[in-house]
Structures are given as C-alpha cells and as structure tokens.
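Visitor: I would like to go through this model and ask what stands behind each label. Please set the values against the criteria.

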Amino acid sequence: MATEVSMTKVDAGEVTARLASGEDITIIDARADDAWNNSKEKAGGAIRIPPDKAEDHLADVSRDKFAVSYCT
C-alpha cells in the first residue's frame, strides 16, 4: 500500500524564516548521486535521500514536523 504524501513548493525565504524562528525542520537532500558526489556544498544536518530511493526512506521522515527537500 502506497503512503500518501502532500507537497507544497516553498521558497528559500520561507525556509530561512522557519529556521530563524527556531522551528525544528527536516531538510532532505534529494539530489541524484552524481550531483551530490560532485558538490562541495551540503546542507548541515540534512538527511540524504536519493530520488530513486525515496519510497525506501518514507519512514525516516517525521510527519510531525515541516520537511523540505532540495535538489538540482
């Protein structure tokens, strides 16, 4: 049985504001392996979930707090 996930696009300003207010959010790095491996920039504390493995990691993401994913 598939798990239903609701997504809304947010901009960096909203994420920055939530972090500045002290909100505990989950950051998901959803870049493909090549993009992640070749990047010198990685968000501190982000959970690494490659796009082709997303369904395998649904249980790793809390449904009780705001989560944001980013990719290239």
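Visitor: In what order do the 3 strands form the sheet, and is the pairing parallel or antiparallel?

Guide: This is a predicted model. Its strands form an open sheet in the order 2-1-3, and the pairing is parallel. Strand 2 (47–48) and strand 3 (67–70) stand at the edges with a single partner strand each, so one side of each has no neighbour in the sheet.

Visitor: What makes Thr-26 count as buried?

Guide: Buried means under 20% relative accessible area. Thr-26 has 6% relative accessibility, and therefore counts as buried. The residue lies in strand 1. Leaving out residues up to four places away in sequence, Thr-26 touches Ile-47, Lys-65, Phe-66, Ala-67 and Val-68.

Visitor: Which residues make up the largest nonpolar core, and why is it called a core?

Guide: The residues are Val-15, Ile-25, Ile-27, Phe-66 and Val-68. The set is called a nonpolar core because its members are buried nonpolar residues joined through side-chain atoms within 4.5 Å. For Ile-27, the contacts beyond four places in sequence include Val-68, a residue of that core. Ile-27 is also in contact with Ala-43, Gly-45, Ala-46, Ile-47 and Tyr-70. Over the protein chain, 19% of the 72 residues count as buried.

Visitor: Why is the charged end of Arg-18 said to sit over the ring of Phe-66?

Guide: The charged end of Arg-18 is 3.6 Å from the centre of the Phe-66 ring. The distance limit is 6 Å, and the charge must also be within 35 degrees of the ring normal, so the label requires both conditions.

Visitor: How many aromatic pairs are found in the whole structure?

Guide: The search finds 0.

Visitor: Which elements of the protein chain have the lowest and the highest mean pLDDT?

Guide: Helix 2 (residues 33–37) has the lowest, 83, and helix 1 (residues 12–20) the highest, 92. The protein chain averages 84, and 93% of the residues score at least 70. Along the sequence, the elements follow the pattern α-β-α-β-β.

Methods: Residues are numbered from 1 along each chain as its sequence is written. This is a predicted model: local features need pLDDT of at least 70, side-chain atom pairs count only at pLDDT 80 or more; totals for chains, interfaces and linings use all residues. Side-chain values use heavy atoms; hydrogens and water are left out. Rings of Phe, Tyr and Trp (its six-membered ring) pair if their centres lie within 6.5 Å; planes under 30 degrees apart count as stacked, over 60 as edge-to-face and the rest as tilted. Two strands pair if DSSP finds at least two bridges between them. Helices (H or I, at least four residues) and strands (E, at least two) are DSSP runs, numbered from the N terminus. Buried means under 20% relative accessible area, exposed over 50%, partly exposed in between (1.4 Å probe, protein chains only). Contact means heavy atoms within 4.5 Å. pLDDT is the predictor's confidence in each residue, from 0 to 100.
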